[in-house]
Each structure stands twice: as C-alpha cells, then as structure tokens.
Amino acid sequence: MDINRTETTRSSCRICYNTCGVLIYLQQGIPFKIEGDPSNPMSKGILCPKGYASLEYLNHPERLRYPLKRSGKRGEGGWARVSWGEALDMVAGGLERAKERYGPLSIVFIRGASKGLSDDLLARFTNIFGSPNITSPAPYCFVPGARAAQLTYGYYSYADYDFGPKVILVWGVNPSSTNPYDYEEIKKAKTRGTKLIVVDPLPNELTKMADIWMRPRPGTDAALGLGMINVLIRENLYDDGFVRQWTVGFDQLSDHVNESSPENVEEISWVSAEMIRQAARMYALGKPGLILAGNGIETNVNSFQACRSIAILRSISGNLGLPGGEVKYGLPGGLIRGDPIFLCQENIPHEIREQRLSKRDGLLPINYYVLPQSIIEAILEDDPYPVRAAYIQAANIITQWPNANQTHKAMKKLDFVVVADQFMTPTAALADVVLPVTTYLEFDSIEQPWHFPIASIQQKVAQVGECWPDGKILNELLRKLGFHHYVWEDMNQCLDSILRPAGITFEEFRKIGVLVGQKRYRHYEKEGFETPSKKVELYSNQLEEWGFDPLPAYCELPETPYSEPEMAKEYPLIMTSKKADVYRHSGGRQIPSLRSKRPEPVVNIHCEMARRLNIEEGDWVFVATRRGRIKQRAHLVDSLDPRTVDVDYAWWFPEMDIPTLYGWDQANINVLTDDKSSSNREMGSPNMRGICCKVYKAG
C-alpha cells in the first residue's frame with residue numbers, strides 16, 4: 001500500500017450559500033487540502049477565503065463534538081455530556097410537553113442563513129410536527145427580490161454573462177465579498193468593454209472600476225429605481241415593441257412615476273439628478289444589459305418595492321430573455337428545490353396554518369414564514385398566544401435579529417430551547433440542549449443554491465467526534481416522536497427521492513457531479529410569462545387584489561432626518577453595514593486565518609466627519625441609537641458620503657467566556673436596530689440599515 005498516495009474527491013463547499021465546487025485532496029483517507037474545482041460550471045475553480053479555511057472549520061479544537069445538556073442556570077456555562085439517545089429523548093420530550101400543554105403553535109422553529117438541503121429538511125420536519133411557526137432570514141434576504149420578480153414576470157431571472165452584456169448594473173451587492181463567481185465574470189466583462197454602473201453607498205472593489213458610481217442614502221433604493229424608470233419613459237428609452245406586446249399597466253406606470261423626476265429623487269436619495277439620468281441612459285441604450293441586485297436593498301421598509309422597481313427596469317428595457325441580459329433557466333435535471341410535496345406542506349391543516357404568528361402582520365399570502373419580531377412579541381407578551389419552546393438550527397439569533405436586547409430577553413424566558421450548531425455561540429449558550437452538527441465535509445448531500453440553476457454533489461470525506469448532519473438529527477427526532485411513516489431508513493433514501501425526477505440514484509450522481517438547467521432565451525414567445533395575464537405585470541392586479549400597492553412606491557424610513565428631524569439633531573449620521581468576505585454573518589470569528597484578516601470590529605467614518613468629532617484613525621468609538629450603544633474601532637476613509645457611517649456587522653467574541661455570552665452586546669450592530677418600528681408590508685422586512693445614529697470617542 002502506497003501511504004503517500006493522494007486521492008481526490010469532488011464536492012461542494014457549503015460554508016455559505018454559493019455552493020462553489022471544490023476538490024478535496026486526501027492522504028490515507030484524511031483531507032489535507034481543498035481547492036476550487038475548475039470543472040464546476042458555476043464557480044469555475046474560484047474559492048473564497050472561507051472555502052479555503054474549510055479544514056480549519058473541520059478540525060477546530062472548539063468544535064462541538066458531542067451532545068450537551070444544560071447543567072445549572074441558563075447561560076452560566078454549565079454543561080454535561082450526554083449520548084445521542086439521551087439528547088434525542090430530551091429534545092423529543094421537551095417538544096412534546098410544550099405541544100401537549102400549549103399546542104403546536106407554542107413551538108417555533110428557527111434557521112439561520114441559507115444552509116441548502118438542511119433548510120428544506122427543517123421545513124419538512126416542522127410541517128410533519130404540526131407547527132406553522134417557522135422563520136428564517138427570508139424577510140430580509142433574497143426572498144423580497146424573488147417575490148418581486150415572481151409577481152412582475154413570473155420567475156427568477158439569471159444574469160447571462162456568456163453572451164457579453166454591454167452594460168452591467170450592480171445594485172446593493174458587493175460580489176467581491178459575497179459571490180466571487182459574479183465578481184470574476186464582471187471583471188472579465190469590463191476588460192471586454194462592458195460598461196459598469198454600481199449603486200452602493202459604500203466603496204468596494206467594483207466601485208473602483210465603475211463607469212458610474214451612485215451613492216444613495218441607505219434605504220432609498222426604491223426612490224432611485226422609480227427615478228430611473230421616469231427617465232426611461234420620459235426620454236423614450238424603453239423598448240417600445242416589447243412593452244406594447246408583452247406588458248400590462250404601462251400607462252398607469254407612466255402616470256405613477258410623474259412625481260419621481262430625477263430632481264425630486266435627488267432630494268430623497270442624495271444622488272444628483274444628472275447622474276440618475278446618465279445611469280438610466282447608459283443602462284437603457286446599452287442592450288443587452290443586466291442588473292445584479294443583492295441583499296443591501298432588502299433590509300428596510302422598501303425592500304419589496306425597491307426590488308419591484310428593479311424588476312420593472314429589467315422589463316421595460318427589453319432585457320428579459322435576451323442573450324447577454326436576464327434569462328430563464330429550466331430546472332437542473334427536473335429537480336424542484338422547495339417542492340411542497342417533499343416539504344409536506346399539506347400536513348398542517350389550513351385552520352392551523354392560518355393561526356401562524358405573522359398571519360395578523362398581513363404579509364403577502366405567498367409567504368409562509370413567521371417574522372422574527374412576531375416571535376419575540378409572542379414570547380415576551382404572550383401575544384397573540386404564548387410561545388414556550390424553540391428549535392434553532394444554525395442561527396445565532398442574538399447577533400442576527402433586530403433589537404438584540406429583546407432577543408436576549410426572549411431567549412431567557414423560553415421554557416425549552418434546543419440549538420443545533422457546529423460551535424458554541426451566544427445563542428447556543430442559552431440553550432437547554434446543544435446538538436453537534438457536521439461541517440459540509442462530513443455528510444453526503446445534493447445542494448441547489450437559489451441564485452444559480454445547478455444541483456451539485458456534496459460528499460462525505462471526514463468525521464469529527466459524534467457530530468451528525470442536520471438531516472440525520474431531524475430524521476431521528478421524527479422516529480422518536482412517532483412519525484414513523486415519514487422516517488427514512490438512512491439519509492441515502494432521502495437523497496434518492498430528491499433525484500427521482502432526474503432518473504438517477506445518489507450513487508450514480510456521485511459520478512455525474514452536477515446537473516445544470518438549460519437557458520431558455522425568449523421563452524415567453526412560445527408560452528408567455530408565468531403571470532395571470534401571461535405578460536409582464538408592471539401594474540399588478542394580483543397585488544391590488546391582495547390589498548397592496550400595484551405599482552412600486554417609496555416610503556420614507558423611520559428614524560431618518562426626513563421622518564424624524566428632531567431626533568436627527570441628537571443622532572445626525574446615517575448607519576449602514578455590509579458583509580465581510582472573511583465571515584459568513586456571525587460565523588468564522590474563531591477561525592485563525594479569517595480572524596487574522598479582520599481581527600476587530602471596524603466602523604468606517606469619513607475623514608472630515610472624524611475630524612469634526614475629534615476621532616483619529618484606530619480610536620475606539622461608540623456608535624449609538626435610541627436603543628443603546630456598541631464599541632468599534634474607527635477607520636477613516638474619504639470615499640463615503642460624510643453623512644454615512646459603515647458599522648461592522650454580526651460581531652461577537654468566541655475568545656470570551658460563556659457567562660458573558662461571548663460579549664454578544666459589546667460590538668453587535670443589532671443592539672442598535674429596532675424590531676418595533678414599521679416594517680415592510682409585503683415581506684415584513686425590518687429596518688436594519690439607513691437609520692440615524694451618532695458616533696463619539698470612547699472614554
């Protein structure tokens with residue numbers, strides 16, 4: 001036997017939602033190196049710092065390695081090791097007690113940022129168990145844009161880089177940090193002469209190479225979108241043939257945007273009228289063109305309306321279905337992500353589903369999630385009914401949910417809390433039972449990211465301690481709870497059932513590796529659009545029937561100089577934030593290679609504003625709103641609007657101890673955000689950016 005023989009396994013990285021292809025190198029069955037897979041049709045060999053740190057995640061000494069039960073008071077840090085059998089008995093018993101005493105509505109199921117198939121398996125478990133109260137980051141991540149596209153033209157459109165777009169408009173997203181594949185494609189397009197427009201209040205790698213960089217006041221993207229629509233219509237820059245044949249509601253839209261002149265929008269957005277016109281002309285005249293929109297526009301009361309305005313820009317410019325524009329793809333291998341049958345959605349009776357916590361929030365009826373702020377209210381105030389137990393999967397909600405102090409208070413009030421995660425976090429430290437979860441290197445899976453039409457293989461190459469994948473945990477819990485009809489004998493049965501539409505088994509899929517959907521250019525010419533009218537619905541009768549704005553409208557955010565000018569005298573700056581390339585939300589701060597690149601929380605302040613506030617480079621400063629203050633390190637820049645500060649996001653300190661909950665409230669931006677002020681009507685998106693704050697030097 002050659003002990004130096006190296007083997008290679010093809011898989012997919014699932015540290016973040018991108019699901020980039022990876023090659024895992026093993027010696028004597030032990031992984032020792034990970035690289036990007038050049039054959040992957042989406043990521044094409046690209047891998048971010050998080051992906052390169054995969055083995056640090058896998059082998060980290062602080063990984064949770066076996067189930068734990070709380071010993072002593074909640075949050076004090078006392079834990080006792082238990083077997084999986086004991087842990088499952090405790091979890092099943094805790095959920096059953098709450099269900100018997102208070103009913104299934106008293107239990108909430110919470111997941112964090114996208115985790116692929118594990119997310120679907122939690123939704124399936126929740127439906128089988130019988131609680132409609134499940135939540136996720138959906139109100140403020142991806143779903144507002146997906147719903148806006150669905151209600152405008154019926155599907156989620158994908159950027160077509162292969163046919164050379166002449167203009168790329170990047171809006172509210174920094175792909176150099178969050179999607180390296182898009183970033184590399186944009187760079188290549190730029191070298192071929194593609195014009196680049198970037199809409200972002202913060203500087204990034206793309207703003208440096210942009211032909212036009214628009215820096216809107218955070219939270220005003222809907223107004224900016226309406227201003228660009230105004231220019232396309234008033235200057236006859238829209239695609240007249242497409243609009244006449246394939247849209248409804250153009251006349252209503254034209255009248256609606258009369259008030260959104262570039263001059264009016266300039267007053268709201270801080271972007272000059274001339275720049276709005278330049279950007280609109282560049283986009284409209286540069287066909288084919290595409291708009292890459294991201295999470296930056298989804299975290300305030302205008303989330304859905306901003307996304308609707310962007311969907312309309314795509315439509316009236318004539319770029320839908322166009323090579324080099326925005327295209328529809330077929331399903332990869334016929335596999336349906338989020339299939340209602342797989343998720344067992346019909347298991348919950350209509351009368352129970354109608355009682356879910358967010359029913360009275362009046363969200364779009366096509367949304368099934370519960371708002372985080374509604375969960376907190378139900379826990380703390382028993383309104384509209386008591387919530388007594390929570391199952392939390394890969395969610396550090398104390399750093400991720402708005403108004404972190406209220407979230408912390410609610411966690412301590414619950415009767416029973418289960419957390420399934422890879423590491424102890426501030427949220428896990430408040431649990432009664434903690435379940436150790438595998439990394440992506442430790443289980444087989446089929447991964448389908450929402451943002452690219454691909455199904456890719458994930459293969460087990462390691463095992464750490466007694467860690468289980470989420471799917472196995474949930475499957476065994478169903479067995480414990482007596483739902484035997486829904487239990488798989490092993491998880492390969494689950495994977496085989498997912499692949500059935502493709503006509504292959506999981507063992508066969510190991511050799512295939514990926515399934516990719518096929519582009520369908522101008523698909524609407526044969527079958528129309530997937531809307532009630534079979535056309536693009538600029539004016540949405542469906543929204544109107546449901547009681548929502550049929551045309552996109554801008555609403556001023558709460559806690560801004562425009563909505564509360566008196567408050568702005570004390571809190572004169574506008575706060576926003578962004579994601580760092582080395583961290584995935586709150587995850588990764590215990591990983592040495594990642595932490596070394598961003599060791600401390602940093603707030604970016606314009607040099608002139610810092611001078612006025614007597615703040616120098618590297619000073620510790622307080623950032624404060626009405627709800628409290630946090631402490632971060634000042635970094636001075638000259639490329640921000642002086643009225644805007646960029647506050648670091650999702651900070652906690654794994655090096656601190658459990659009794660402090662790892663310093664969850666020291667630098668956590670969500671100590672500053674609010675869960676009570678008005679939220680987005682359609683999605684329930686809270687205001688997490690664009691609100692007033694003040695910054696001052698720490699004592």
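Visitor: Which glycine follows α14, and what is its phi like?
Guide: Glycine 318 follows α14. Its phi is positive, near 80°. Helices here are DSSP runs of H or I, at least four residues, and strands are E runs, at least two, numbered from the N terminus.

Visitor: What sort of model is this?
Guide: A predicted one: local features need pLDDT of at least 70, side-chain atom pairs need 80 or more, and totals for chains, interfaces and linings use all residues. Residues are numbered from 1 along each chain as its sequence is written, and side-chain values use heavy atoms, without hydrogens or water.

Visitor: Back to α14. How many of its residues are buried?
Guide: 14 of the 14, so α14 is largely enclosed by the rest of the structure. Buried means under 20% relative accessible area, with a 1.4 Å probe and protein chains only.

Visitor: What span should α14 have?
Guide: α14 covers residues 303–316. The end C-alpha atoms of α14 are 20 Å apart, which agrees.

Visitor: What comes after α3?
Guide: Glycine 103, with a positive phi near 95°.

Visitor: Which α3 residues are buried?
Guide: Among them are Trp84, Leu88, Val91, Leu95 and Ala98.

Visitor: What do the buried residues of α3 pack against?
Guide: Strands β6 (107–111), β15 (389–393), β16 (416–421) and β17 (433–436), plus helices α4 (117–129) and α19.

Visitor: At what angle do α3 and α19 pack?
Guide: About 65°, with axes 10 Å apart. That makes α3 roughly perpendicular to α19 (65 to 115 degrees). Axes are lines fitted to C-alpha atoms, over the stretch in contact, and angles run from 0 to 180 degrees between N-to-C directions.

Visitor: Which residues touch there?
Guide: On α3, they are Trp84, Gly85, Leu88, Asp89, Val91 and Ala92. On α19, they are Ile473, Glu476, Leu477 and Lys480. Contact means heavy atoms within 4.5 Å.

Visitor: New pair. How do α9 and α12 cross?
Guide: At roughly 165°, and their axes come within 9 Å. α9 is residues 221–234 and α12 is residues 262–269. The two are therefore roughly antiparallel (over 145 degrees).

Visitor: Which residues make that contact?
Guide: α9 gives Ala223, Leu224, Gly227, Asn230 and Val231. α12 gives Pro262, Val265, Ile268 and Ser269.

Methods. Angles under 35 degrees count as roughly parallel, over 145 as roughly antiparallel, 65 to 115 as roughly perpendicular and the rest as oblique. Buried means under 20% relative accessible area, exposed over 50%, partly exposed in between (1.4 Å probe, protein chains only). The expected span of a helix is 1.5 Å times one less than its number of residues.
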